[in-house]
Amino acid sequence: MSLRHWPDAERPRERLLAQGAEALSDAELLALLLGTGPRGSNAVAHAKALLAQCGGLRGLLDRPPQALLRLPGLGPARAGALCAALALGRRHLEAGLSRGAALDSPALAGEYFARWLRAAPRERFGVLFLDNRHRLLAAEVLFEGGLDQAAVHPRVVAKRAIELNAAAVLLGHNHPSGMAEPSAADRRLTQQLKEALALVEVRLLDHFVVGDGPPVSMAGRGWV
């Protein structure tokens, strides 16, 4: 049945406006972006089918635009809408940080790294450079590929911190395998970076490892 034939109290758009986005399922929120479904299917049914095919919301939204176009019922307009919605969510988070809010909350910093790095198909090492009040100066990916002590150069991180006149940094990298548990190599690298930054009087506040679940804070484990 088309959504326009549903009772008003059950339609996703009306429920969102009356109750907020939290009242809607992933499929219902996705349906609002899709607008309509293929012939013989409404937008909610189409959204449920896409989520089932892709293994959930992350499996769908982590796909690059060309991969979205290969999914049933997603032409350029709908694929573009999904990519735009995801980009707006990331930019909303970035805008909140750029307004000068202090990054004193591990949860906020972890959320930033998760949105920033989780979808990357290869390992990426990102750095948030902060001033002496822990406000964001810059967010940069400094290294990409197979990350280890040989690939991530502490002197590069320290040099960039000096250039930006940063007083502290937050580090984060993703594990494309989805397993966020830090490895022994991750712990050794963190210690090397902490020591290199200390030489130029820059504090390492935390190092987050991003996988499928919540990011792991090394400071929270007592490793920073």
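Me: Is Ala-180 buried or exposed?
Reply: Ala-180 counts as buried because its relative accessibility is 12%, where buried means under 20% relative accessible area, exposed over 50% and partly exposed in between (1.4 Å probe, protein chains only). This is a predicted model, in which local features need pLDDT of at least 70, side-chain atom pairs count only at pLDDT 80 or more, and totals for chains, interfaces and linings use all residues. Residues are numbered from 1 along each chain as its sequence is written, and side-chain values use heavy atoms, with hydrogens and water left out.

Me: Where is Ala-180 placed?
Reply: Ala-180 is in the loop between strand 3 (168-174) and helix 9; helices (H or I, at least four residues) and strands (E, at least two) are DSSP runs, numbered from the N terminus.

Me: And what is Ala-180 in contact with, beyond its neighbours within four places in sequence?
Reply: Its contacts (heavy atoms within 4.5 Å) include His-175, Val-209, Val-210 and Pro-214. The C-alpha atoms of Ala-180 and Pro-215 are 6.5 Å apart, although 35 residues separate the two in sequence.

Me: Turning to helix 9, what about Thr-190: buried or exposed?
Reply: Thr-190, in helix 9, is buried, with a relative accessible area of 1%. Not counting residues up to four places away in sequence, Thr-190 touches Leu-204, His-207, Met-218, Trp-223 and Val-224.

Me: Which residues of helix 8 meet helix 9?
Reply: Pro-154, Val-157, Ala-158 and Ala-161 of helix 8 meet Gln-192, Leu-193, Ala-196 and Leu-197 of helix 9.
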